[in-house]
Amino acid sequence: EVLLMQNQNLLFTIPESAAALRISRSTIYRLISSGDIETITVRGLQRIRPIALQRFVEKQERSQRERVVNFA
């Protein structure tokens with residue numbers, strides 16, 4: 001929701017997605033390859049929906065919370 005509210009773009013490029021998450025382009029490509037971030041292809045170009053980035057962030061948050069609970 002936060003990404004959607006801050007940016008009205010329907011699709012992000014790989015560099016825009018990396019910048020939005022404050023990570024490198026190579027990390028974005030690894031996350032895409034692993035299936036952690038979903039992409040769509042538009043005329044042969046990979047694009048990422050803002051909701052896909054939001055889902056990734058939320059999944060990371062859940063995972064970190066679970067690690068803290070399981071550690072305790």
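User: Where is serine 17 found in this predicted model, and why does serine 17 count as buried?

Analyst: Serine 17 is found in helix α2 of the predicted model. Its relative accessibility is 0%. A residue is called buried when this value is under 20%, so serine 17 counts as buried.

User: Which residues is serine 17 in contact with, leaving aside its neighbours within four places in sequence?

Analyst: Serine 17 is in contact with Phe12, Ile28, Ile48 and Leu53. The term contact applies because heavy atoms of the residues lie within 4.5 Å.

User: How do you know that the buried residues of α2 are on the same side of the helix?

Analyst: The buried residues of α2 are Ile14, Ser17, Ala18 and Leu21. They cover an arc of only 100 degrees around the axis, which puts them on the same side of α2.

User: What makes a group of residues here the largest nonpolar core?

Analyst: A nonpolar core consists of buried residues of listed types, such as Ala, Leu, Ile and Phe, joined through side-chain atoms within 4.5 Å. The largest such set in this structure has twelve residues, among them Phe12, Ile14, Ala18, Leu21, Ile48 and Phe56. Two or more residues of this core come from each of α2 (14–21), α3 and α4 (50–71).

User: Why is the pair of aspartate 36 and lysine 59 called a salt bridge?

Analyst: The distance between their side chains is 3.4 Å, N to O. The term requires a side-chain nitrogen of Lys or Arg within 4 Å of a carboxyl oxygen of Asp or Glu, so the pair of aspartate 36 and lysine 59 is a salt bridge. A search of the whole structure finds one salt bridge.

User: Why are aspartate 36 and lysine 59 described as partly exposed?

Analyst: The relative accessible area is 29% for aspartate 36 and 41% for lysine 59. Buried means under 20% and exposed means over 50%. Both values fall in between, so aspartate 36 and lysine 59 are each partly exposed.

User: How do you know whether arginine 43 is buried or exposed?

Analyst: The relative accessibility of arginine 43 is 85%. The cut-off for exposed is over 50%, so arginine 43 counts as exposed. Its place is in the loop between β1 and β2 (45–47). Phi of arginine 43 is near 50 degrees, again a positive value in a residue other than glycine.

User: Where is confidence lowest in the protein, and where is it highest?

Analyst: Confidence is lowest in helix α1 (residues 2–6), at a mean of 52, and highest in helix α3 (residues 25–34), at 98. For the protein, the mean pLDDT is 89, and 86% of the residues reach 70 or more.

Key:
Residues are numbered from 1 along each chain as its sequence is written. This is a predicted model: local features need pLDDT of at least 70, side-chain atom pairs count only at pLDDT 80 or more; totals for chains, interfaces and linings use all residues. Side-chain values use heavy atoms; hydrogens and water are left out. pLDDT is the predictor's confidence in each residue, from 0 to 100. Helices (H or I, at least four residues) and strands (E, at least two) are DSSP runs, numbered from the N terminus. Buried means under 20% relative accessible area, exposed over 50%, partly exposed in between (1.4 Å probe, protein chains only). The arc is that of the directions from the helix axis to the C-beta atoms.
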